[in-house]
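Trainee: I have a new model open. Can you show me how to read a helix and then the core around it?

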Amino acid sequence: MTLRRRGTSRLLLLSRLTLLLLLAGAPCMGAEEPGSLLAGPGVRLLTTAVAEEKTPQLTRLLDGDAKTNVALAVAAGKPVDLILALGEELTAPSELRLTLASGNPQETPARVEVLASILSAEAGYQSLGVFPLAANNQPQSFPLPPSAARWLMLRFAPARAAEQIRLADVELLGTAGPPRSRYEFKESPTAALKVLASLQKSVSLSEEEAALVRDGSDGRFDDSSLAEAALIASGVTDARERERYLKRIQSIADGAPPATSDPFADGDRLLRYLHDKVLKKYQERQTRLSVLLDSGDYNCVSSSLLFVILARRQQRDARAVEAPDHVFAVLYDGARHVDVETTNRWGFHAGASAEARRQLREQTGFDYVPQQHEDQRRELSGPGAVAVIYYNQGVGFTREEKYDQALGAYFRALTLDREFVSAIKNTLVVLANWSGRLNNEGRFEKALQVTQVGLSLAPEDPALVAYRKAIWITYAKSLLDEKKYAAAVAVLRRAAEDDPKANYVEMESWVYIGPGEKLAEQSQWQDALDLATAGIADVDPPAREEIQKWRTSVLLRWSYAAIEKKDFAAAAEVSRQGLALEPENEDFRNRLAYITQEWTWSQHQAKGPQAGVAVAAALVQASPDSNGVKQAASAFVVRMVREQVEGKKYAAAAAGLAAGAGLLDDAEQAEQLAGFVYDRWAADLISQGEYQAAVAAYRQGLKAFPQNKHLQANERASWDQWGRFHADKQENLAAAGVYSQAIAVHPDDERLRKNRAYYVLQAALAADAAPAADPPADPPQPAAAAAPAGAQVLATAFQKYGRTTELTEAGDYYVEQFYRRLVDAKNYQEAAGLLSRTRSLQTDREHFLSLTRFAVDHLAEELLEKADYAQATAAYDRALGDWPEDKHLQHNAAIAWDRRGRQYFETQEWTKAVAVYEQAAERFPGNENLKKALAYARRRKSDQ
């Protein structure tokens, strides 16, 4: 709701004079004095908390004697409800008086809530306020806001742990009949709008608004739903647009949590659902329901309306509540009710949550108004809730000083809620401020017109009376300043004779319509129009309007006659001529749309899609402001494209779409239609095994729609389908080839590179006849002299595709998996040989070095245990041939050589020992242990 922040004036700022005049307004006279509502026939006191046999005791509460009292039992701390049946006719309670029984404070209720219903004793209640009770036996009085009632519920909240409450006397004051209206104008709101139209035609009600006003005049909507009414007030006057929004609301309702047996739990879930799925951003002035549905932007008014609409669709009694500068919702379950601060995800039962109230202040700047402040709260009917939308529009127009539109908005609000005090007061303020501004600008005639209109609505308003006098005086004074004395006197005379009545001349329209109609009947259309033009220039306004209406009918009949002859060009020209004369006429707009529909399809069927598109484009260009023409052109493109696709004329569909894309509603629709065309085209090709052609179709689509995410995704998916086609037939290298083609198109797509590497790897594994995921327990041993067949596959892939990251990772994976099988079989010799033969495939050098160490160390250990020292040192020599700088291999190789030499120590074959150590020293010249052993062997040899 577009309202003030805390601490600022609720109404628009006025000049000091205007404010004083408003405060000095005359009191309302003739109102019926309140009397007792409990003395009439048919008044009964009911209760939901007293056993049947004790019910007669309740009459003591109505006997006017505070010495008699009644004890009412409390059930498990729940409130005690007393219901006053006030008779068959409506009443207007204005004051409740209660006297509590003296005695035990534990039996004194803490507060009383007053609720009114005109429906029944069990349902339809509206809270009139919650009042704290003083713990004494003195009469306590509580004023009630205006409301109609046939039943009044008094809900007493007991003290904690109380077993009963005790009351002495109940008195209810008010008047018979409905409550007195606070509406201050002479004319009804609908009639007032007609008066305001004399200032600005845009003030008048549209047909939809007029129907809405008629429907809501009795305080409820019978022909319109609350959602539809809110959309009309939000400016959605087009029925098709409203239907779109209503479907959106129904979609939201369908997705809402389902109703259960607990209405309050349902309401809490509904509020959180709205904040999770619909309500996106709080905007203080965003009142319109349509904007909320489009963008998710909301304020207290639009969010409360949506909550109430959805809650009612779940058969819940939800209502809007007006408070100072704020609107929220209240949810009823019979007479029980909970406040709902709809701007806050946690706003359900806001009165019970300090955190929710804190968040409300931080987000909106408003304070929660508790039920105890009944004079600051007003529950709204459906029309009353919709009225707030118009009211906020009025506030916005007032800020912009668009006073005519502001008045129209305020009176629209009052047509739906005559008790809307803020709208009443702001209407008077706008009338005064508008006339004052015109007076200050020296536009006296216009200022007088405004005040005359204002006084025709509120003849006794002191601000308008004062402004009218000031304007006449200022007008005369300005003429005196220019020394135009006679003119000044004439103005003063006009002031004395001021009369708001207007004179009208008799209608003269048929002077021109009669002969003009004969010309039209003979299809002499242009002559008939020329006659209408002459009449419009000659007659006074009432007749002029009739001739204008007749001229409209002539143009419409002329265009239809041209359509019947298939002369669409002439029909379009006539319709544009009518639209130039009457830019707001929907009939001409609709006729142009119809012509667009028929002409485009006629051309399409006769000459092909391109001809239909050309006509559509020309019509749109000729009527750039016509939404109907644009929509018809868009519909043609969609229909034409779908027809071509259904006939499997995909190239024609694509060409038609490319030509007509600019005619569609928006880029998103073009993108979606492109997805439809190329998906169907590609699917047809794929079903025939034409994968390359399917890819080409998507590539063609992306040339026309390069940013289309859907086509981008499906083009890549078509590569995948092609690749899987080969993979399913175990043609892994062919699948890799497909992905290589895809990579050429999308060189930065990592997923495509990974898929190619995957299929190369699968081909390598298949070449070794070993499944990738579950190798046999005893895999066949590869030949010692050559690399495995899979390694050759990988090497070929490196040559063909380059050493990409993904392929080298596949190579590493392949080598390691082969190596693991050999190691698991304890075939360390072949494992070490494999690592040596496949070094060209290895990327992670450190990792494969560690694998080499493991294999060679285990192989050498086996050989040494067999005393096959020469083979052990040979194994290390081969490994060091690949890894000459590795300290680990050097160290362990030196140990192997040492053990080879020491075998001869035991047999004292020192010559052989010296030979071994000399070879070892040559290989490891820096090894001190080998040097020492060589020296020792030489000494022993020389000692022999």
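Trainee: Which residues of H28 are buried?

Mentor: Remember that this is a predicted model. Buried means under 20% relative accessible area. In H28, the buried residues include Leu 752, Arg 753, Asn 755, Tyr 759, Leu 761, Ala 764 and Leu 765.

Trainee: What do the buried residues of H28 pack against?

Mentor: Four helices: H26 (709-728), H27 (732-745), H29 (789-801) and H30 (805-824).

Trainee: How far does H28 reach from its first C-alpha to its last?

Mentor: Compare the span with 1.5 Å a residue. H28 covers residues 750-767, 18 residues in total, and reaches 26 Å, close to the 26 Å expected.

Trainee: Which residue caps the N-terminal end of H28?

Mentor: Asp 749 does. One of its side-chain oxygens sits 2.9 Å from the backbone nitrogen of Arg 751.

Trainee: Now the core. Which members of the largest nonpolar core touch the most other members?

Mentor: Nonpolar side chains tend to be buried together in soluble globular proteins. Here the largest nonpolar core has 133 residues, and Val 641, Val 677 and Tyr 814 touch the most other members. Helix H24 (residues 667-687) gives the most, with ten residues. Domain 3 (566-665) and domain 4 (844-943) both contribute residues, so this core lies between them.

Trainee: What is Tyr 814 in contact with, leaving aside its neighbours within four places in sequence?

Mentor: Its contacts include Leu 761, Ala 764 and Leu 765. Those three are also among the buried residues of H28.

Methods: Residues are numbered from 1 along each chain as its sequence is written. This is a predicted model: local features need pLDDT of at least 70, side-chain atom pairs count only at pLDDT 80 or more; totals for chains, interfaces and linings use all residues. Side-chain values use heavy atoms; hydrogens and water are left out. A nonpolar core is a set of buried Ala, Val, Leu, Ile, Met, Phe, Trp, Tyr and Cys residues joined through side-chain atoms within 4.5 Å. Buried means under 20% relative accessible area, exposed over 50%, partly exposed in between (1.4 Å probe, protein chains only). Helices (H or I, at least four residues) and strands (E, at least two) are DSSP runs, numbered from the N terminus. Domain bounds come from an automatic or database domain assignment. Contact means heavy atoms within 4.5 Å. The expected span of a helix is 1.5 Å times one less than its number of residues. A polar contact is a pair of N or O atoms within 3.5 Å; within protein, one must be able to donate a hydrogen and the other to accept it, and residues adjacent in sequence count only if both atoms are side-chain atoms.
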